[in-house]
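Please take a moment to look over the sequence and the structure before reading on.

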Amino acid sequence: MKYDVIVVGGGPGGVPAAVAARRMGMKTLLVERSAVLGGLAISGLPILGFIDHSGRRVLGGIAEELMQRLKKVGAFREHVRCPVHNSLALYNHNWMRIECFELCRETGVDLALYSDLMSVKTDNGRAAGITTLCRGEIREYETKILIDATGDGTAAYMAGAKYQKAASLQPGSLTFTMGHVDIPEVLAYMKAHPETIEVTKDYDVRQNLSQFDKGWGFTFIGFSEFIEEARKKGEYTIPRDRIVFSTLPDEGEVMVNVTRVTDVDTSVADDVIRAETESHRQVKELVLFLKNYCPGFEKSYLSSLSYGFGARESRRIEGVKTLTVKALENLDVPEDTIVLAGYNMDIHPANTAQHFMQPVERAIGIPYGCLVSSSVGGLMMAGRDISVDEHIFGLTRIMGTCMGEGEAAGTAAGLAVAEGIEPAQVDVVRLREILRKNGCILE
Ligand SMILES: Cc1cc2nc3c(=O)[nH]c(=O)nc-3n(C[C@H](O)[C@H](O)[C@H](O)COP(=O)(O)OP(=O)(O)OC[C@H]3O[C@@H](n4cnc5c(N)ncnc54)[C@H](O)[C@@H]3O)c2cc1C
């Protein structure tokens, strides 16, 4: 089968990429190895990156369109400010999964689900097609542009693209949701024991009691006192010293982001199996810990598990441009910016139970060239595998930014196919005009 644009990976990078390419009039295929669309956006994690530290709105386009679709069905209320994460988009993750399908269906994106990549075909140094395995059947597809939105950069790796990987990767986690949490009881405990919300000394940002005033729409970081107590009894072995949970729109439901498996490279098969096994063990330990030790959780229950272990970091594909940590010196927003990255430096170091967080005053711009492979023609990236150095990656890896990159990659792929040119030759002024017209915020 022949396509103009093939996007591999149906997560925060991939869904907007496919929708944007289709809206540019391209025959578009979205390939996903699982049964569902959304990637880590269907785990319950808040989408970060809509508002920067200065309070300015920095993300629109398809990312916001998805949030408005969720709002219409009562699965999202509004963006809320957070002193630690700048902003939180908290939504019902099952509805996100449905809306990703609905958006692709309405736009006319073809789907290849249950389809893992077997190979990427190159022709004269250009990505020319892919082979997938779907239910025992090998399928071949040809394409003019291939967009890698696999998170791990698997398609680019198979195409022989140049890439980087940090010597020590950030640990990953399996997240889950709990139902029937007594939020008023958690809030009452917090008020009586404000020391519980002391974040680690490596954070340059602090929580304050007023952020919890509304009684919903917050991320809580704390309960280290209970962790200490449980550790002494051998009932908490996870290498993480704070409980982190976010409220979801449905009463009493929260998303818990605490498990931590270190020394995992999710591009290595044996590592992934170890990570899945260990993180499931940790979920069991955590759920029992929450119920037995933490106020408000006594009657709660495990309501859902993310679709799999989440990797924070693996391959970063080398682009014709690479965003580096130097961008923070002047908070650069270059002329070829295709998305504003409005988060903070947020790094989970490999070998400590702590977590490093440093606020970044305002959003920086990601240049277009970070989405275009430097070594393989016709190959683009969208999501956490774009071309950034391992330090600034701590800021760019969040879902909102990945969504904006996806929209830019799909739009640029459409321009490249329409004009019969390489992605590297796309007129960035024109690309930015289209993105702005479609509600993206670029300056
Ligand atoms: C534990 C954890 C907590 C995080 N917390 C937050 C948070 O609170 N807020 C936030 O905004 N961000 C958070 N992040 C970061 C963010 O979730 C990711 O960086 C982001 O989801 C990356 O988007 P992506 O589309 O590149 O990859 P993914 O979300 O991983 O999506 C990739 C998709 O590609 C598919 N795929 C992979 N390989 C193949 C293949 N070979 N063939 C076909 N399909 C394939 C996958 O099944 C998946 O659907 C967190 C990350 C982790 C791991």
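The points below describe a predicted model, grouped by topic.

**The chain as a whole**

- The protein chain contains 11 helices and 20 strands, and with a radius of gyration of 21 Å, close to the 22 Å that the globule rule gives for 443 residues, the chain is as compact as a globular protein of that length.
- Along its principal axes, the C-alpha trace of the protein chain spans about 65 × 45 × 45 Å, and 55% of the 443 residues count as buried.
- Among contacts in the protein chain with a separation of 6 or more, 76% are between residues 24 or more positions apart.

**Around the ligand**

- There are 38 residues around the ligand, and those that come nearest are Gly 9, Gly 11, Gly 39, Gly 310 and Gly 383.
- Sorted by class, the shell around the ligand holds 14 nonpolar, 17 polar and 7 charged residues.

- Once its neighbours within four places in sequence are left aside, Gly 129 is in contact with Lys 121, Glu 140, Tyr 141, Glu 142 and Thr 143.
- Gly 129 and Ala 269 are 140 residues apart in sequence, and from C-alpha to C-alpha they are 24 Å apart in space.

Key:
Residues numbered from 1 in each chain as written. Predicted model: local features only at pLDDT ≥ 70, side-chain atom pairs only at ≥ 80, totals over all residues. Near = placed C-beta within 6 Å. Nonpolar A, V, L, I, M, F, W, Y, C, P; charged D, E, K, R; others polar. Helix = DSSP H or I, 4+ residues; strand = E, 2+ residues; numbered from the N terminus. Rg over C-alpha atoms; globule rule 2.2 N^0.38 Å. Buried ≥ 20, exposed ≤ 12 C-beta atoms within 10 Å, placed from the backbone. Contact = placed C-beta atoms within 7 Å.
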